[in-house]
Amino acid sequence: MTAPAAGRLAAAPLVLALAAGALAIAAAGAPVAPRAPDAADTEEWIQLFNGKDLTGWTPKFATYPLGENPFDTVRVENGLLEIRYDKWSTFKGEFGHVFYKDPFSYYRLVAEYRFVGEQVPGGPAWARRNNGLMLMSPAPQTMLKDQDFPISLEVQLLGGLGDGKPRSTANLCTPGTNVVMNGVLRTEHCITSTSKTYDGDQWVRVEALVHGDELVRHIVEGQTVLEYSRPQMGGGNVAPVDPAVKVDGTPLTRGYISIQAETAPIDFRKIELLDLEGCMDPKASNFKRYVVEPKAGACRY
C-alpha cells in the first residue's frame, strides 16, 4: 500500500538526516589520506660544513694574515670540524675565527657542538670552554692583521665547568656592536641567556634565527633563551679596528658567519643554514612558503 503523499513528504527530511549522519560516521571512521608533499614546503638547508674538509671556510687569526691556519688549529677529522690546541706551546692573544664564504641576512643557523679536552696554556680564565658563533660580521678582508675579534653578534657557547655553578650557553656578546632589547639600547658587552648549564662533553644543539636587523633569536635544544632587535655597530671590545669599517650606529642587516678559536678545544658535527630570503611568488616554480624576505631575481618561471 502506498503511503499518503503527506506522509511521504514528512518522512523525507528524516531519511535525509539519517543518510547524512551515516555519511558523517563513515567519514569520521575512514583513514585520512596524507597531504602529498609540496615542493613549496620542502626546506632547502645549506650544509655550511660538508663533513669532509674546510671547503668554503677561511681562517683569520690575530697577528696572522687572512687565510693562515697556525698550528693546524682548525681541522676536520672523523667527520667533525675541530678546534684544537695540541700543537700550541702557549697562547699569547692570537684569537682566531674561521669565516664562511657567503654573507646572509634572513636565515636559520643550526650548529651542534661539544667541548672536549683542556684549554691551551696561556688562555684567559674566562675563555675556558668558551666558543661562539659570530653573526653579521663585515667581510673578513676588512679585519686588521692584529684585530682580535670581528665586529659581530656573538652567540656565545659556554660549557659548564663541573663546579656546580650555573653557566648558560647561547648568551649574547657584542664585539663592536650594540642591540635593542624591550625598546632599550643595550651597550654592555655580554647578556646572559636563560639556558641551563651543559656540563661535560655532551652534544648541544643551538640555533640562531635572524631576520636582518628586525629580530635575532637564540634557541637551545628547541627553547628560545634570548631575543633582541636592531643590532648595530657601536661600543668597544674589539681592537684594533679600522674606523672606516666600524662606523657606530650602522645597522647590521647582512653579514658573514664565523666560528671562534678562543683557546678551548671544541667539536662541531653539524653547521647548516636555511636561507629565508628567496622567491615569494606562488606562481614561480621555486616558490617557498617559509621564505620571509624577497630576493631580487630569485624567482624562476
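**Figure 1. The largest nonpolar core of the predicted model.** This core has 54 residues, and the structure shown is a predicted model. Within the core, the residues with the most contacts are L109, L133, L135, L153, V206, F268 and I271. Strand β6, residues 106–115, supplies the largest share of this core, namely five residues. Another core, of seven residues, lies apart from it and includes L215, L274, L276 and Y290. In soluble globular proteins, nonpolar side chains tend to be buried together.

**Figure 2. The surroundings of F268.** Neighbours within four places in sequence are left aside here. The residues in contact with F268 are then F49, L80, L81, A111, E112, Y113, N131, L133, L157, W203 and I259. One of these, L133, is also listed with F268 among the residues that have the most contacts inside the largest nonpolar core.

Figure 3. Strand β10 spans residues 177–181, and five of its five residues are buried. In a regular strand the side chains alternate between the two faces of the sheet. In β10, T177, V179 and M181 point one way, while N178 and V180 point the other way. Three bridges join β10 to strand β15 (residues 223–233), and the two run antiparallel. The bridge partner of N178 in β15 is Q232. Strand β11, residues 184–186, is also antiparallel to β10 and is joined to it by three bridges. Here V180 stands opposite L185. The strands β10 and β11 form a hairpin with two residues between them. N182, in the turn, has a positive phi of about 55°.

**Figure 4. The largest pocket.** The space in this pocket is about 260 Å³. Its lining is made of 14 residues, and E44, E277, G278, K288 and Y290 lie nearest the centre. Strands β17 (266–275) and β18 (277–278) are the elements that give two or more residues to the lining. By type, the lining residues divide into six nonpolar, two polar and six charged. Y290 belongs to the core of seven residues as well.

Figure 5. A cis peptide bond joins A239 and P240, with omega of about -15°. N237 lies in the loop between β15 and β16 too, and its phi is positive, near 65°. N237 counts as partly exposed because its relative accessibility is 44%.

**Figure 6. T263 in the loop between β16 and β17.** T263 is found in this loop. Phi of T263 is near 85°, a positive value in a residue other than glycine. T263 has 0% relative accessibility and therefore counts as buried.

Conventions. Residues are numbered from 1 along each chain as its sequence is written. This is a predicted model: local features need pLDDT of at least 70, side-chain atom pairs count only at pLDDT 80 or more; totals for chains, interfaces and linings use all residues. Side-chain values use heavy atoms; hydrogens and water are left out. A nonpolar core is a set of buried Ala, Val, Leu, Ile, Met, Phe, Trp, Tyr and Cys residues joined through side-chain atoms within 4.5 Å. Buried means under 20% relative accessible area, exposed over 50%, partly exposed in between (1.4 Å probe, protein chains only). Helices (H or I, at least four residues) and strands (E, at least two) are DSSP runs, numbered from the N terminus. Contact means heavy atoms within 4.5 Å. Two strands pair if DSSP finds at least two bridges between them. On a 1 Å grid over the protein atoms alone, a cavity is a set of points where a 1.4 Å probe fits but cannot get out, and a pocket is an open set with protein on both sides within 12 Å along at least five of seven lines; lining residues have an atom within 4 Å of a point. Grid points are joined across faces, edges and corners, and a volume is the space filled by probe spheres set on the points. Ala, Val, Leu, Ile, Met, Phe, Trp, Tyr, Cys and Pro count as nonpolar, Asp, Glu, Lys and Arg as charged, and the others, Gly among them, as polar.
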